[in-house]
Amino acid sequence: MADMEMEEDHPRLILHNFLTEDECKELEFIHKSCSTIGYRPNVFSTTLSHLIATNSAHLIIPFLPIRDRLKEKVEETFGCEYELVTEFTGLISWSRGASIGWHSDDNRPYLKQRDFTAVCYLNSYGKDFEGGLFHFQDGEPKTIAPMVGDAVIYTSDGRNTHSVDEVTSRERLTLTLWFSRDSSHDEDAKLILLLEENVLHKSNNVPWSLLPLPASDNMYWFSPHQASNQDIGFDIRLGRLHALGFDVYYSRDMNFGSDLSELLMEPMQLARRDQLLDHKFVNVLHSLQVAQFYFWKGCKSQAFTNEVQSGKAVRLSRSQSEKITQVGVNRDTMLCVRPVQLGDVFYKISWTAIGIV
Ligand SMILES: O=C(O)CCC(=O)C(=O)O
Ligand SMILES: [Fe+2]
């Protein structure tokens, strides 16, 4: 698997085909159905704590064997005497405009616990996105073109200063982990606490359910021109649904005074072209997870066809179509002004201009 000898001055290793394409697809499904805005402009992320916080803790399961395999590989490659702990695990995607200059991953006082980095590429340069090449400042290899399933592992210190070119189209997706020798930074301890709070304690007053509960609305508000105008952007969940060809429909009468964020927590249905699916979802995140699941399994159109044939989908009436237009996801347009009031929604530029589609 490993293709090269490790240089002592620059301890690093490329692991070709470390993940199978199926593993990559499963993680892509999780990211596209759960991600929120990330830590920097034009970056989306899905952390394990976020999955717990949104009642989607079951989606952590696919990460666990991969994390263990990577940790073992890092311990073996870098000759670690003691077991490492995982400090952070997350899916990170970069859309058009995202980049990072030269840095090492432990370059802040609060990041000093990071000893080793592992980045797994979940999609491919040239095929799934443009730009986004990875470079090491010194030593070999100099440049890595991300390829689905490949991983790169390296020490997080100044011996592995690196950068990533700007992504110029579509979405570059990775599974990124940091490992530490310091057991007080074990991610698992924090996750178990969160699970206790969110899963065990909740069952006292709320019935057991694995239906997603969205995080706060501003975590889904993506604004490509963040510095200049926070009000121009779109809701990531609506954006991802739209990318799959779905629109959202609320049967209750629109209240133009209501906030979009409140509306997105409400029960809703999906529409596709001029058809309305019968199924009721508890909120927009729930519908996104189901739609992405169908898409992942390659049966999106078949499932929809079945629904139509079995009478589970109905043709939208004219007034229903108008309601869809009003929430702003029914056109080949993407950006809208932040709809403080639903009546303020309007469309600016093409969805594809942004790059997550
Ligand atoms: O995604 C990559 O290839 C590396 C990203 C990176 O350098 C970082 O997140 O610190
Ligand atoms: Fe980095």
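Visitor: Which residue is the bridge partner of Cys 120 in β10?

Guide: Strands of a sheet pair through backbone hydrogen bonds, either parallel or antiparallel. In this predicted model, Cys 120 is bridged to Ala 151 of β10. The two strands concerned, β6 and β10 (residues 151-155), pair in the antiparallel sense over 5 bridges.

Visitor: How many bridges join β6 to β13?

Guide: There are 6 bridges between β6 and β13, and these strands also run antiparallel. Within β13, Leu 177 is the bridge partner of Ala 118.

Visitor: In what order do the strands of the open sheet lie?

Guide: The order is β1-β10-β6-β13-β4-β3-β2, which makes 7 strands with antiparallel pairing. At the edges are β1 (12-15) and β2 (36-37), each of which pairs on one side only. Elsewhere in the sheet, β3 (residues 43-47) is joined to β4 (residues 85-94) by 5 bridges in the antiparallel sense. Ser 45 stands opposite Ile 92 of β4 there.

Visitor: Which residues of β6 point one way, and which the other?

Guide: In a regular strand the side chains alternate between the two faces of the sheet. In β6, Phe 116, Ala 118 and Cys 120 point one way, while Thr 117, Val 119 and Tyr 121 point the other way. All of these residues are buried. Because 6 of the 6 residues of β6 (residues 116-121) are buried, the strand is largely enclosed by the rest of the structure.

Visitor: Which residues have the most contacts inside the largest nonpolar core?

Guide: They are Ala 118, Cys 120, Leu 122, Ala 151 and Ile 153, in a core of 65 residues. Both domain 1 (12-204) and domain 2 (217-353) give residues to this core, so it lies between them. If neighbours within four places in sequence are left aside, Ala 151 is in contact with Leu 15, Phe 18, Ala 118, Val 119 and Cys 120.

Visitor: How many residues of domain 1 are in contact with domain 2?

Guide: The size of an interface is often given as the accessible area lost when the parts come together. Here the description rests on contacts: 12 residues of domain 1 touch 14 residues of domain 2. On the domain 1 side, α1 (21-34) and β2 each supply at least two residues. The largest share, 4 residues, comes from α1. By class, that side has 4 nonpolar, 6 polar and 2 charged residues.

Visitor: Which residues surround ligand 1?

Guide: Ligand 1 is surrounded by Ile 100, Asp 105, Val 119, Phe 134, His 162, Val 164, Thr 174 and Thr 176. At least two residues of this shell come from each of β11 (162-164) and β13 (172-180). The classes represented are 4 nonpolar, 3 polar and 1 charged.

Visitor: Are Asn 17 and Arg 170 buried or exposed?

Guide: Asn 17 is exposed, having 12 other C-beta atoms within 10 Å, whereas Arg 170 is buried, with 22 such atoms within 10 Å. Asn 17 belongs to the loop between β1 and α1, and its phi is near 55 degrees, a positive value in a residue other than glycine. Arg 170, in strand β12 (residues 167-170), has a positive phi of about 60 degrees although it is not a glycine.

Visitor: Which residues does the cis peptide bond join?

Guide: The cis bond joins Glu 140 and Pro 141, with omega about -10 degrees. Pro 141 lies in the loop between β8 (134-136) and β9 (143-144).

Definitions and conventions. Residues are numbered from 1 along each chain as its sequence is written. Chains are lettered from A and ligands numbered from 1 in the order in which they are written. This is a predicted model: local features need pLDDT of at least 70, side-chain atom pairs count only at pLDDT 80 or more; totals for chains, interfaces and linings use all residues. A residue is near a molecule or strand if its C-beta atom, placed from the backbone, lies within 6 Å of it. Ala, Val, Leu, Ile, Met, Phe, Trp, Tyr, Cys and Pro count as nonpolar, Asp, Glu, Lys and Arg as charged, and the others, Gly among them, as polar. A nonpolar core is a set of buried Ala, Val, Leu, Ile, Met, Phe, Trp, Tyr and Cys residues joined through C-beta atoms within 7 Å. A residue is buried if 20 or more other C-beta atoms lie within 10 Å of its own, exposed if 12 or fewer, and partly exposed in between; C-beta atoms are placed from the backbone. Domain bounds come from an automatic or database domain assignment. Two residues are in contact if their C-beta atoms, placed from the backbone, lie within 7 Å. Two strands pair if DSSP finds at least two bridges between them.
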